[in-house]
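Visitor: I am new to this structure and would like to learn how to read it. Could we go through it feature by feature?

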Amino acid sequence: MNVLVVGANGRVGSHLVDKLVEKGHFVYAGTRRDNLTSNTSNVCYVHIDLLASPESIAENMYDAEAIFFVAGSRGKDLLKIDLNGAVNVMRAAESKKIRRFIMLSSVFSLEPDKWDQAFLKDLTNYNIAKHFADHWLINNTKFAYTILQPGALKEESGSGNIDVNIDHPGENAIENVVDTLVQSLQDPNTIGKVITMSDGKTPIADALRDL
């Protein structure tokens, strides 16, 4: 497929681009930085400014068939980037008639009663932004969506094993998150699902198949 990754230079996005290429996809690597080039023929950097209008964003979506939204402000501009930026991308994608939309969110973002658990106590404003972005995707669009909600991200190799539909927030190797995102694109069973996850004991493909 031709896939657009919004947030391609981030901690998750950069690994996601590599993994998608490895799986044979052509990737439009969306970033706010200009003049980036790739040595890989299956990657084309495109300018995606989350502060721009949906019309401007749509101009650089080209012939993408699916979108991964993995961008974030890392707490610096939650309303404009993590919330409204996500909605702008959704609106742009709708205007391009793109059907598949995979959102990287935050564990329990749709369950405010759990925001006092563990490290989530320090992320309330972030979870509020993700809460309303997720709600928009579910209730205000007609995408074949998947929302993936991991807990804390770790800069380490993944085991390839996860738990889904978890009750308590846990840690997630970035590699496991990336592999789960890629598998979600391939697995129609993930469409219309909100998937909470942490590192665990079940192979990723099996965990998603058994949702």
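Visitor: Which residue in strand 10 does Leu148 stand opposite?

Guide: The model is a predicted one. In general, strands of a sheet pair through backbone hydrogen bonds, either parallel or antiparallel. Here Leu148 stands opposite Ile195 in strand 10. Strand 6 and strand 10, the latter spanning residues 193-199, are paired in the parallel sense over five bridges.

Visitor: In which sense do strand 8 and strand 10 run, parallel or antiparallel?

Guide: They run antiparallel, and three bridges join strand 8 (residues 161-164) to strand 10.

Visitor: In what order do the strands of the open sheet lie?

Guide: The order is 3-2-1-4-5-6-10-8-11, with nine strands and mixed pairing. Strand 3 (43-47) and strand 11 (202-203) each have a single partner strand and stand at the edges, so one side of each lacks a neighbour in the sheet. Strand 3 pairs with strand 2 in the parallel sense over five bridges. Within that pairing, Ala29 has Tyr45 in strand 3 as its bridge partner.

Visitor: Let us turn to the rings. How many aromatic pairs does the structure hold?

Guide: A pair of aromatic rings is described by the distance of the centres and the angle of the planes. The structure holds three such pairs. In one of them, the ring centres of Phe26 and Tyr28 are 5.1 Å apart and the planes stand at 75°, so this pair is edge-to-face, a label that applies to angles over 60 degrees. Phe26 is partly exposed, at 22% relative accessible area, whereas Tyr28 is buried, at 9%. Phe26, Tyr28 and Tyr62 form one aromatic cluster.

Visitor: Why is the pair of Phe101 and Phe143 called tilted?

Guide: Its planes are at 35°, with the centres 5.1 Å apart, so the pair counts as tilted. This pair links distant parts of the chain, as the two residues are 42 residues apart. Phe101 belongs to strand 5 (residues 100-104), and Phe143 to the loop between helix 4 and strand 6 (144-150). Phe101 is buried, with 0% relative accessibility. Phe143 is buried as well, with a relative accessible area of 8%.

Visitor: Which residue lies over the face of Phe108?

Guide: That is Lys114, at 4.5 Å from the ring centre.

Visitor: What is the phi of Tyr62?

Guide: Tyr62 has a positive phi of about 50°, although it is not a glycine. Tyr62 sits in the loop between helix 2 (54-59) and strand 4 (66-69), and it is partly exposed at 45% relative accessibility. Ala118 also has a positive phi, near 45°. Ala118 is found in the loop between strand 5 and helix 4, and its relative accessibility of 48% makes it partly exposed.

Visitor: Where do I look for the largest pocket, and what is its volume?

Guide: Its volume is about 1100 Å³. Look around Val70, Ala71, Gly72, Ser73 and Arg74, which lie nearest its centre among the 38 lining residues. The elements that give two or more residues to the lining are helix 1 (11-22), strand 2 (26-31), helix 3 (78-95), helix 4 (124-139) and strand 7 (152-154). By class, the lining has 17 nonpolar, 12 polar and nine charged residues.

How values were computed. Residues are numbered from 1 along each chain as its sequence is written. This is a predicted model: local features need pLDDT of at least 70, side-chain atom pairs count only at pLDDT 80 or more; totals for chains, interfaces and linings use all residues. Side-chain values use heavy atoms; hydrogens and water are left out. On a 1 Å grid over the protein atoms alone, a cavity is a set of points where a 1.4 Å probe fits but cannot get out, and a pocket is an open set with protein on both sides within 12 Å along at least five of seven lines; lining residues have an atom within 4 Å of a point. Grid points are joined across faces, edges and corners, and a volume is the space filled by probe spheres set on the points. Helices (H or I, at least four residues) and strands (E, at least two) are DSSP runs, numbered from the N terminus. Ala, Val, Leu, Ile, Met, Phe, Trp, Tyr, Cys and Pro count as nonpolar, Asp, Glu, Lys and Arg as charged, and the others, Gly among them, as polar. Rings of Phe, Tyr and Trp (its six-membered ring) pair if their centres lie within 6.5 Å; planes under 30 degrees apart count as stacked, over 60 as edge-to-face and the rest as tilted. Buried means under 20% relative accessible area, exposed over 50%, partly exposed in between (1.4 Å probe, protein chains only). A charge sits over a ring if NZ of Lys or CZ of Arg is within 6 Å of the ring centre and within 35 degrees of the ring normal. Two strands pair if DSSP finds at least two bridges between them.
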